[in-house]
Amino acid sequence: MRAAEPVAATLAKDGAAKDGARIEAGNDPGLPDGGWRIAAAGRWTLEWATAVSDALDRAPKPPGGAAVRLDLARVEALDTVGAYLLNRLAERLGADGHAVSVAGLRPEHAALFDAVRDAGKAPPHPIEREHHPVLDMVVRTGQTTVNAAKEILDLVGFLGLVTVTFARLILRPSRLRLTSVLFHIEQTGLNALPILGLLSFLIGVVLAFQGADQLKRFGAELYVVNLLGISVLREIGILMTAIIVAGRSGSAFTAQIGTMKVNQEVDAIGTMGLDPVELLVVPRALALMVTLPLLAFYADVMGLFGGAVMAYATLDITFGQFIRQLHSAVGINTVIAGLIKAPVFALVIAMVGCYEGLKVSGSAESVGIMTTKAVVEGIFLVIVIDAVFSVLFSMLGV
Amino acid sequence: MAGSPVIRVRGLVTRFGPQTVHDGLDLDVERGEVLGVVGGSGTGKSVLLKEILGLIDPAAGRIELLGHDTADLDRAERTALQARTGVLFQNGALFSSMTVAENVMLPLKEHTDLSPALIAEVARVKIAMAGLPPDAGTKHPAQLSGGMIKRAGLARALALDPDILFLDEPTAGLDPIGAAAFDTLIQGLQRSLGLTVFMVTHDLDSLTSICDRIAVLVDKKIRVGTLAQHLADPHPWIHDYFHGPRGRAALDAKERNQARRHEEEDARRLAKG
């Protein structure tokens, strides 16, 4: 068992704490024609680099044209930083017109000193041109616009590709991967039930509570059912479902396909004469188009149930009253107006998720970027299309 | 501290669930040597490396780095010790969001109080010493080839002038010419910087050309020796490893190289005399 030694002191580069680096400069009568001697001593290592760098800047300058001898005999330790600083000193003196000679370099330091000198000869990397803030902003705006336009164009192209593949599969249904479709139905549908149910229920509760507060003032408490029925069935149920599915499954599609892209699995599929779109995209799109309407209906039910619970708790509207009022407030058209959007949203979410996944390139970092993009684009498109539907419905008078 | 091993492992035991990977493993790495670590797949080469680096805790045993038991250190001491070791991971492990120069500058910024200008200059020297072209510093890792990523990783590992350099399969994934050039680079840096190198490798050419000693992981323990000692070892795995077709090819290449060097020296001597 060795005696306990102060760890910190020995850890600092073999006891560097005891002695730093020093530099002495002056006229040396021993040298011919008024030579100037710069002697380095001590430890020329990383720990002392700042002090050394300062000392070098402060050291008296040799008179113009004098020959300089760089005496390194008393350098005890040398690392890359020390060697670099000494080389830089020699170089600067040389540039000022002094004839520089290096003397007393210890043999164990010579290899490092030479290696650093050779490395230092490499020209510094080019400095990037100065950026103009306003110009940069214009450039960035232009680039973003062009990229967004390209993206939309590509997405439409991708939709076309998937549609053609779909059509081919209808002609030869045996090629459809039924197992894969069922797997994704389970992943995107069944496994989403708990979270979607809870959130829809809570939204129903909140809507009923806020509505009740306002309607109570007019003595029209019962109309809370109309408010709930129309808003949940037409908009909120389907929109909540689409947003949750975009966050849950759209991102999963991108991550799954993106990881396969990084592992070159997608390339492997191509080399085996299989079609990545048929194998990866169609089952996911199909699964989502099946599950999203079902999920939306489930969300409608849970939302209304939440509203009914809240209506009973705060307004003493019984479930029987609630159902009767609901019957008179909404027709089957309202339900259809909500659910008819579901397959469209499903297609958009699946398209964006798979498209961004296939666009992943090379690194794992790109999987993350594309996944974020898929979620943002998916939710964005869902809301835009929902607005289009609203305009359409109002024009048709539905 | 001269004379005492820079890495000392005693009675190391590693378990993953019911599986024992190392059982009472002892290892000494001397200052200034290049140690190659070999072993079959699943014998725990990389695990040993991670245990020495403190990334995985062993089930039992002591690991001393530069004379300090890694288990006894507090946070600050551990950080000080980490500043004296450099690691080149198998795939470079460069931070992909930073340029090569920023990668090399990061440890300097974190562990030293150098001025930004000096840090940039030192990073430039390191990048050049790792054999990269000057414009590589401004590139991101994604823009580099496999060989350049390894060199950039090496430049970052050497940023703080470590005493010990750990290499995890440094030549894996490089073409033979690139691998040989990388071996030469490591040897040159090892000599000029006085490094101790701990190298996990599968590359027989690296083992025969730059390693002073070779540690073979067999039977959950380690056997350290020179190439000649391993060649005479009757252990079936070691025998197959060094006497298999690839082992023979690497040894033949080494002999040819030595013979050529002798001829060149003779020719030089003749030319002089």
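## Sheet in chain A

Chain A of this predicted model has an open sheet of four strands, ordered S1-S2-S3-S4, with mixed pairing. Strands are DSSP runs of E with at least two residues, helices are runs of H or I with at least four, and both are numbered from the N terminus. Two strands pair if DSSP finds at least two bridges between them. Strand S1 (21–27) and strand S4 (100–103) of chain A are the edges, each pairing on one side only. From one strand to the next, the twist averages 15 degrees.

Strand S3 (residues 68–78) of chain A runs parallel to S4(A), joined by four bridges. Val68(A) has Val100(A) as its bridge partner in S4(A).

## Helix across the sheet

H3(A) lies across strand S2 (36–44), S3 and S4 of chain A. The helix H3(A) runs at about 175 degrees to S3(A). Axes are lines fitted to C-alpha atoms, for helices over the stretch in contact; angles run from 0 to 180 degrees between N-to-C directions.

## Contact with chain B

In chain A, 27 residues are in contact with 29 residues of chain B. Contact means C-beta atoms, placed from the backbone, within 7 Å. Helices H1 (7–11), H2 (49–58), H3 (80–95) and H4 (107–120) of chain A each supply at least two residues to the side touching chain B. H4(A) gives the most, with six residues.

That side of chain A divides into 17 nonpolar, seven polar and three charged residues. Ala, Val, Leu, Ile, Met, Phe, Trp, Tyr, Cys and Pro count as nonpolar; Asp, Glu, Lys and Arg as charged; the others, Gly among them, as polar.

## Conventions

Residues are numbered from 1 along each chain as its sequence is written, while chains are lettered from A and ligands numbered from 1 in the order in which they are written. In this predicted model, local features need pLDDT of at least 70, side-chain atom pairs count only at pLDDT 80 or more, and totals for chains, interfaces and linings use all residues.

Notes:
Two residues are in contact if their C-beta atoms, placed from the backbone, lie within 7 Å.
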